[in-house]
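The sequence and the model are shown first.

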Amino acid sequence: MAEEVDLDANAPSADAEGAFAGADDPLVVWTLATFHTAAFVAALVAALYLAGALGELLGGLSTLVGLALYVLLWAATWWTTRCTLAEVAGAGSDGGAETDADAKPALSEMFGAGMKWGGVDGVCFLWAIVVVALVPRVRLRDLARMEADTVAFFVFAAAVASLLAFLVGAVVGSLFALFDAGAFRVAARLGPDSPASSDAAESRNPDPASEP
């Protein structure tokens, strides 16, 4: 008597296959980047308001500078979100996976990618602030007169500030990654079957007529 083979035992589940399907779609990237930017700015404004520093900051910030900072933050967030989702989607397209554990990008992969690119986003935002707020006030004549000790101090301060910005960005990016992973899983359960899940279902239940 032939032993019956369970085709579902080692096959990736539809949930694992389709959880991050279409993650690097341009519209998805644009939507998540816009949400991340707006949520971060809203949280930053709320924190400054609760600390009592919002009025003083807005009083010394022109509309043009504020708009430029927001646009640069959105652009950096769009680029890093695109890199994060492309990395996760690329991991998910590995055709050599055989089980749920290694089949598709797991939550840890999304978390790691979000942390890394969130840190990069934090550094980009720091230097956007430097370029927009400080560079127009610096004169080349003053830079030429700077002594070596002063230059070394600024280089050291820039390195420390970049490191802190990376750490803060990594924390924020990891939180957004958890939110995005949850959103993708909810969308995979509520939305129509993705091509990836359809292929997986077909591989688990092959059409008898197509078999030799």
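## Contact of α2 with α8

In this predicted model, the contact of α2 with α8 is formed on one side by V28, L32, F35, H36, A39 and F40 of α2, and on the other by V172, F176, F179, D180 and F184 of α8. By class, the residues of this contact comprise nine nonpolar, one polar and one charged.

The axes of the two helices, α2 and α8, come within 12 Å and cross at roughly 135°. An angle over 145 degrees would count as roughly antiparallel; α2 and α8 are therefore oblique to each other. The crossing of α2 and α8 is right-handed.

## Contact of α6 with α8

Helix α8 also packs with α6: the angle is about 140°, and the axes lie 5 Å apart. This angle makes α6 oblique to α8. The handedness of the crossing of α6 and α8 is right-handed. In the contact of α6 with α8, 17 residues are nonpolar, eight are polar and two are charged.

## Largest nonpolar core

Which residues make up the largest nonpolar core? This core has 10 residues in all, namely A23, V29, L32, L85, V88, M110, A113, A177, A181 and F184. Two or more of its residues are given by each of α2 (26-51), α4 (63-92), α6 (107-134) and α8 (148-190). Helix α8 provides the largest share, three residues.

Two of the core residues, L32 and F184, also belong to the contact of α2 with α8, L32 on the side of α2 and F184 on the side of α8.

## The chain as a whole

The chain contains nine helices and zero strands. Read from the N terminus on, its elements run α-α-α-α-α-α-α-α-α. The chain has 212 residues, of which 27% count as buried.

## Position M115

M115 is found in helix α6. Its relative accessibility is 34%, and M115 therefore counts as partly exposed, a class that lies between the cut-offs of under 20% for buried and over 50% for exposed.

Which residues does M115 contact, leaving aside its neighbours within four places in sequence? The contacts of M115 are with A170, G173 and S174.

## Position L64

Is L64 buried or exposed? With a relative accessibility of 67%, L64 counts as exposed, because the cut-off for that class is over 50%.

L64 and V132 are 68 residues apart in sequence, and their C-alpha atoms are 9.9 Å apart in space.

Definitions and conventions:
Residues numbered from 1 in each chain as written. Predicted model: local features only at pLDDT ≥ 70, side-chain atom pairs only at ≥ 80, totals over all residues. Heavy atoms only, no water. Core = buried A, V, L, I, M, F, W, Y, C linked by side-chain atoms within 4.5 Å. Buried < 20%, exposed > 50% of the residue type's maximum accessible area, 1.4 Å probe, protein only. Helix = DSSP H or I, 4+ residues; strand = E, 2+ residues; numbered from the N terminus. Axes fitted to C-alpha atoms, helices over the stretch in contact; angles between N-to-C directions. Parallel < 35°, antiparallel > 145°, perpendicular 65-115°, else oblique. Left-handed = near helix turned anticlockwise from the far one by under 90°. Contact = heavy atoms within 4.5 Å. Nonpolar A, V, L, I, M, F, W, Y, C, P; charged D, E, K, R; others polar.
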